[in-house]
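Please examine the sequence and the structure shown below. The report that follows describes the fold, the surface and the charged side chains.

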Amino acid sequence: MVSVLIREAKEGDCGNILRLIRELAEYEKLSDQVKISEEALRADGFGENPFYHCLVAEILPAPGEPQGQGIGSKIIKKVAEVALDKGCSQLRLAVLDWNKGAMDLYKALGAQDLTEAEGWHCFRFEGEVMRELAGK
């Protein structure tokens, strides 16, 4: 069984965070959607008014095939802890419709599938559409 250390991200983690974002996008067949740079991660996460709160999970020893070892559950529990400490009342996760493993994990941990339960759909504005909306 591997050991997992979940900690606050540091500015020096930005390179690895970007690598993980790219690996996740590749796994999800969405590599073309990764537009962020290491510099933007630094500015958004570690600037004067951070836009996001980032945690890093260090898997010791280095992961080989970590599935089935409870790592995802530990990460979600830590995110819930941080969210509650920051006054958040809910935690929402997005998952692609083909990722049954992730959906099964979220449901096993007690999450509601809002698409099934309430008919919610997730929408995104980006790029030129955002500029048009903003009049820029």
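## Contacts and fold

In this predicted model, residues 24 or more positions apart account for 61% of the protein's contacts with a separation of 6 or more. The protein contains six helices and two strands, and along the sequence these follow the pattern β-α-α-β-α-α-α-α.

## Extent and surface

Along the principal axes, the C-alpha atoms fill a box of roughly 55 × 40 × 35 Å. Of the 136 residues, 18% are buried. The protein exposes about 10500 Å², and carbon and sulfur atoms supply 55% of this area.

## Charged side chains

There are 17 positive and 23 negative side chains in the protein. The centres of these two sets lie 2 Å apart.

Side chains of opposite charge can pair when their charged atoms come close. The structure holds nine salt bridges.

## Salt bridges within helices

Arg19 and Glu23 form a salt bridge with an N to O distance of 2.9 Å. Because they are four residues apart in helix α1 (residues 14–27), about one helical turn separates Arg19 and Glu23. Arg19 is partly exposed, at 39% relative accessible area, and Glu23 is also partly exposed, at 41%.

In helix α2 (residues 38–46), Glu38 and Arg42 are likewise four residues apart, and their side chains meet in a salt bridge of 2.7 Å, N to O. Glu38 is partly exposed at 26% relative accessibility, as is Arg42 at 26%.

Lys78 pairs with Glu81, their closest N and O atoms being 3.4 Å apart. Lys78 and Glu81 lie three residues apart in helix α3 (residues 71–85). Salt bridges that share partners also join Glu11, Glu38 and Arg42 into one network.

Terms used:
Residues are numbered from 1 along each chain as its sequence is written. This is a predicted model: local features need pLDDT of at least 70, side-chain atom pairs count only at pLDDT 80 or more; totals for chains, interfaces and linings use all residues. Side-chain values use heavy atoms; hydrogens and water are left out. Buried means under 20% relative accessible area, exposed over 50%, partly exposed in between (1.4 Å probe, protein chains only). Contact means heavy atoms within 4.5 Å. Accessible areas come from the Shrake-Rupley method with a 1.4 Å probe; for residues, only the protein chains shown count as cover. Lys and Arg count as positive and Asp and Glu as negative; His and the chain ends are not counted. The place of a charge is taken as NZ of Lys, CZ of Arg, CG of Asp or CD of Glu. A salt bridge is a side-chain nitrogen of Lys or Arg within 4 Å of a carboxyl oxygen of Asp or Glu.
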